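Have the viewer open as you read.

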Amino acid sequence: VSFTLTNSTISTSSCIIANHASAGTSAAYQINADTLAAGSCKINIRNISGGALSEAIVLNFIVLGMTIA
């Protein structure tokens, strides 16, 4: 599943780190961010457990900004 994360600190040169914080099956999900834009990015969540899951998981994320001179 994918969704758009909106956050005013995200830029095209940001680094987004996201992880599974709580709820649901531990180590069952692969989470990454892509499609960076000014103010948003896409978060992708993939079930890697091999079983059918339909859990409402909680995510943590951090936005690391980079200034290019």
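Beyond its neighbours within four places in sequence, N44 is in contact (heavy atoms within 4.5 Å) with V1, S2, Q30, I31, N32 and D34. This is a predicted model, in which local features need pLDDT of at least 70 and side-chain atom pairs count only at pLDDT 80 or more, while totals for chains, interfaces and linings use all residues. Residues are numbered from 1 along each chain as its sequence is written, and side-chain values use heavy atoms, leaving out hydrogens and water.

N44 sits in strand β4, residues 40–47; strands are DSSP runs of E with at least two residues. With D34, N44 makes a side-chain to side-chain polar contact at 3.3 Å (a pair of N or O atoms within 3.5 Å, one able to donate a hydrogen and the other to accept it).

The largest nonpolar core has 11 residues, among them I31, C41, I43 and I45. Such a core is a set of buried Ala, Val, Leu, Ile, Met, Phe, Trp, Tyr and Cys residues joined through side-chain atoms within 4.5 Å. Strand β4 gives the most to this core, with 3 residues.

Now the cysteines. How many disulfides does a search of the whole structure find? It finds 0, a disulfide being a pair of cysteine sulfur atoms within 2.5 Å. The sulfur of C15 is 10 Å from the closest cysteine sulfur, in C41, so the two are too far apart for a bond.

The table gives burial (buried is under 20% relative accessible area, exposed over 50%, partly exposed in between; 1.4 Å probe, protein chains only).

| Residue | Relative accessible area | Class |
|---|---|---|
| N44 | 13% | buried |
| C15 | 34% | partly exposed |
| C41 | 2% | buried |

Key:
Helices (H or I, at least four residues) and strands (E, at least two) are DSSP runs, numbered from the N terminus.
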